[in-house]
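Open the model in your viewer and keep the selection panel at hand. Each stop below says what to select and what to look for there.

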Amino acid sequence: MCIRDRPKPVVIGLQGPITGPWAYEGQMARQSCEIATELINKKGGILGGRMVELRVVDDAGEPKTGALAAQKLVGQKDVIAAISTYGSSVCEPASNIYEKFKKTNIGYGVTAVRLTQRGFKYFFRTCGRDDSQGQFFADFVPKKFGAKRIAVMHDNTAFGKGLAEDTKKALEEMVKKGEAEIVYYDAITPGEKDFHVPLTKLRETRPEVWYFTGYYAEAALLLIQARDIGITCPFVGGNAAINDEFIKIAGVDIAKGCYMTNEPLPADLPYPEAKEFLQAYKARFGEIPSSPWPIYAADALNIIAYAIDRTKSEDSTVISSYLRDEVNGVAGITGPIGFTGQGDREGVPFYLYVVDEKGNIVVSK
């Protein structure tokens, strides 16, 4: 068969922070989607033999650039749908663009509750929501540490502030009963390097557990500086605070014993689809992803390809309607995939993780 006789590829876009402060996550997402694409194509592709093509655009982890990246993808007429993106504050303006141009888009690392409360027809997510994580913290963390005095720190991003607010709300009943007290609730400025002023204020409240709901780069610096000024209480990060890069920045001696509320990490996924995917990923890149978000990106690609193949359509209205109304319990790398009427992933679990003595992130016993 000559090249011009080959069926044209099915193009799916990936928008993510390939550069910028979250580039570690963005690069893993691109690699994960490359592996997912290869696995689909090795099995014959979709739509009777058409290969899937991944087209990547960089949003650098910035809201304004996020909108521009979305504009770039919707401007390419052969892009059928998009995987978009890491960071709720970046996804929000991007999803506005996708909605305006009626393009199916699935966020993979975007947990702010409000994203699916806008009545959008074309937006979905494969990850969980902040309110579920906040409730998990309230249900398990104070009891685990026997802690009553709780400090909650965020970074004023859509994700960080949203998770902090949802955690505060989840703790309300315990506060009313006198079982918990939020002794510190404040924000730091992302991108800063010196956090001694807010940390000194936090230290004065004498917390028994400290929950930071921002991202890993700031989390590592905060922890180094906190230990330096004598804050010794358990540190618990939200699901963007701890990954291998966090441990690299902080160092194992400081990072060990830190906890994290999170969806299941890749190594803890028991599904055959996960084993196949992780084996292929490790063979190519030498190690598996250290956070769940790249795997949610791969599952976003998989479910988009599945919907295109099942509907035999490249029309976003048809694809989005199918995802919302027909997809239920479809096997995925991260488990069965289904969506609510507003586009949320159904049935996402949370675990409590800890950094062990060797710097590995493992499920807390």
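The tour goes from a sheet to a helix pair, and then to single residues and backbone geometry.

**Before starting**

This is a predicted model, in which local features need pLDDT of at least 70 and side-chain atom pairs count only at pLDDT 80 or more, while totals for chains, interfaces and linings use all residues. Numbering starts from 1 along each chain as its sequence is written, and side-chain values use heavy atoms, with hydrogens and water left out.

**Stop 1: the open sheet**

Show the cartoon and select β7, β6, β8, β9, β10, β11 and β12, which in that order form an open sheet of seven strands with mixed pairing. Strands (E, at least two residues) and helices (H or I, at least four residues) are DSSP runs, numbered from the N terminus. Two strands count as paired if DSSP finds at least two bridges between them. Which strands stand at the edges? They are β7 (181-187) and β12 (361-363); each has a single partner strand, so one side of each is left without a neighbour in the sheet. From one strand to the next, the twist averages 25°.

Now select β6 (residues 149-154) together with β8 (residues 209-212): they pair in the parallel sense over four bridges. I150 stands opposite V209 in β8.

Angles run from 0 to 180 degrees between N-to-C directions, and axes are lines fitted to C-alpha atoms, for helices over the stretch in contact. Contact means heavy atoms within 4.5 Å.

**Stop 2: the α2-α3 pair**

Two packed helices are described by the angle between their axes and the distance between the axes. Select helix α2 (residues 63-74) and helix α3 (residues 88-100); their axes come within 7 Å and cross at roughly 30°. To see the contact, show side chains for P63, G66, A67, A70, Q71, L73 and V74 in α2, which meet S89, V90, P93, A94, I97 and Y98 in α3. By class, this contact has ten nonpolar, three polar and no charged residues. Here Ala, Val, Leu, Ile, Met, Phe, Trp, Tyr, Cys and Pro count as nonpolar, Asp, Glu, Lys and Arg as charged, and the others, Gly among them, as polar.

**Stop 3**

Select S84 in strand β3 (residues 79-84). Is S84 buried or exposed? With a relative accessible area of 0%, S84 is buried (buried means under 20% relative accessible area, exposed over 50%, partly exposed in between, with a 1.4 Å probe and protein chains only). Beyond its neighbours within four places in sequence, S84 is in contact with Q15, C91, A94, Y98, I106, G107 and Y108. The side chains of S84 and Q15 make a polar contact at 3.3 Å. A polar contact is a pair of N or O atoms within 3.5 Å; within protein, one must be able to donate a hydrogen and the other to accept it, and residues adjacent in sequence count only if both atoms are side-chain atoms.

Step on to T85, in the loop between β3 and α3. The peptide bond from S84 to T85 is cis, with omega near -10°.

**Stop 4: T157**

T157 is found in the loop between β6 and α5 (158-176) and is buried, with a relative accessible area of 13%. A polar contact of 2.7 Å joins its side chain to that of D155. A polar atom of the T157 side chain also lies 2.9 Å from the backbone nitrogen of G160. Leaving aside neighbours within four places in sequence, T157 is in contact with G162, P190 and Y215.

**Stop 5: positive phi**

Most residues other than glycine have a negative phi, and most peptide bonds are trans. Select A60, in the loop between β2 (52-58) and α2: its phi is positive, about 55°, although A60 is not a glycine. A60 is buried, at 18% relative accessible area. R206, in the loop between α6 and β8, also has a positive phi of about 55°, but R206 is exposed, at 57%.
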